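Hello,

Here is the structure I promised to hand over. Please have a look at it first, and then read on for what turned up.

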Amino acid sequence: LLTFYYLKTMKKQILFVFAALIMVALATSCQKVPQEQIDAAKAAIESVRAAQGDLYVPEEFGALQDSLSSAMAAIEVQKSKTFKNFDKVRTSLETIIQTAPTVIENVETAKEQVKLATEEEIESIKGLLEENNLLMAKAPKGKEGKAVLLEIKNEMDMIENSIAEITELIATGDYLKAQAQAKAAKESLMGIHNELSEAIAKVGGKK
């Protein structure tokens, strides 16, 4: 009987120790900082930056950065605790890693949209150049008028020459710079168009 009791007691102790070891192992696993996921999340964000996500989809890129900042802050909070648990942080980091490829796809879509919009702006610029040339033929050509028209002609020549540069920027993939230059050129031509129209209207009114 004593032997049976002794064996039964030993069995309970062994089971208790085994359970304790499992709990320690689980606790240790939970306590480990998820450095691999951190590195992968940072690499994912850098891949989005390399694709120019910060320029073409700044809100989505900013959201990824904010998520990483929040995850890193949560890690610091857990590190200060006796019983650490990084499960939620791991989930957040995995979300960043999985979201990055979608954001890169959105970057490519945004680039294509900017490219198409800029190509449309170039056509608008060409149309405005033709319209302004027609208006110049009708504009008053007095002493002051000739000087003004010469300035306008020089400005329009510069804008016409810039079309080649804008087209080259599109060809090299610098869509945002191309778009900015195209918008500036169009605005200048619109200003010239209004100026010539007003001058012609004044002369017509006097007649």
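**Around K111**

Leaving out residues up to four places away in sequence, K111 touches A51, Q52, Y56 and Y175, where a contact means heavy atoms within 4.5 Å. Before going further, please note that this is a predicted model, in which local features need pLDDT of at least 70, side-chain atom pairs count only at pLDDT 80 or more, and totals for chains, interfaces and linings use all residues. Residues are numbered from 1 along each chain as its sequence is written, and side-chain values use heavy atoms, with hydrogens and water left out.

K111 is found in helix 5; helices (H or I, at least four residues) and strands (E, at least two) are DSSP runs, numbered from the N terminus. Is K111 buried or exposed? K111 is buried, because its relative accessible area is 13%; buried means under 20%, exposed over 50%, and partly exposed in between, with a 1.4 Å probe and protein chains only.

The side chain of K111 also makes a polar contact, at 3.2 Å, with the side chain of Q52. Such a contact is a pair of N or O atoms within 3.5 Å; within protein, one must be able to donate a hydrogen and the other to accept it, and residues adjacent in sequence count only if both atoms are side-chain atoms. Q52 sits in the loop between helix 2 and helix 3 (53-56). Q52 is partly exposed, with a relative accessible area of 28%, and its phi is near 70 degrees, a positive value in a residue other than glycine.

**The overall picture**

The protein has seven helices and zero strands. Of its 207 residues, 28% count as buried. Among contacts with a separation of 6 or more, 78% are between residues 24 or more positions apart.

Apart from residues up to four places away in sequence, L196 touches N132, L135, M136, A139, L149 and I152.

I122 also lies in helix 5 (residues 87-138). I122 is buried, with a relative accessible area of 6%. Setting aside neighbours within four places in sequence, I122 is in contact with I163, I166, T167 and I170. I122 and Q179 are 57 residues apart in sequence, and 9.3 Å apart in space from C-alpha to C-alpha.

**The largest pocket**

Which residues lie nearest the centre of the largest pocket? They are P140, E195, E198, A199 and K202, out of 13 lining residues. On a 1 Å grid over the protein atoms alone, a pocket is an open set of points where a 1.4 Å probe fits, with protein on both sides within 12 Å along at least five of seven lines; lining residues have an atom within 4 Å of a point. Helix 6 (143-171) and helix 7 (175-206) are the elements that give two or more residues to the lining, and helix 7 gives the most, with seven.

Best wishes
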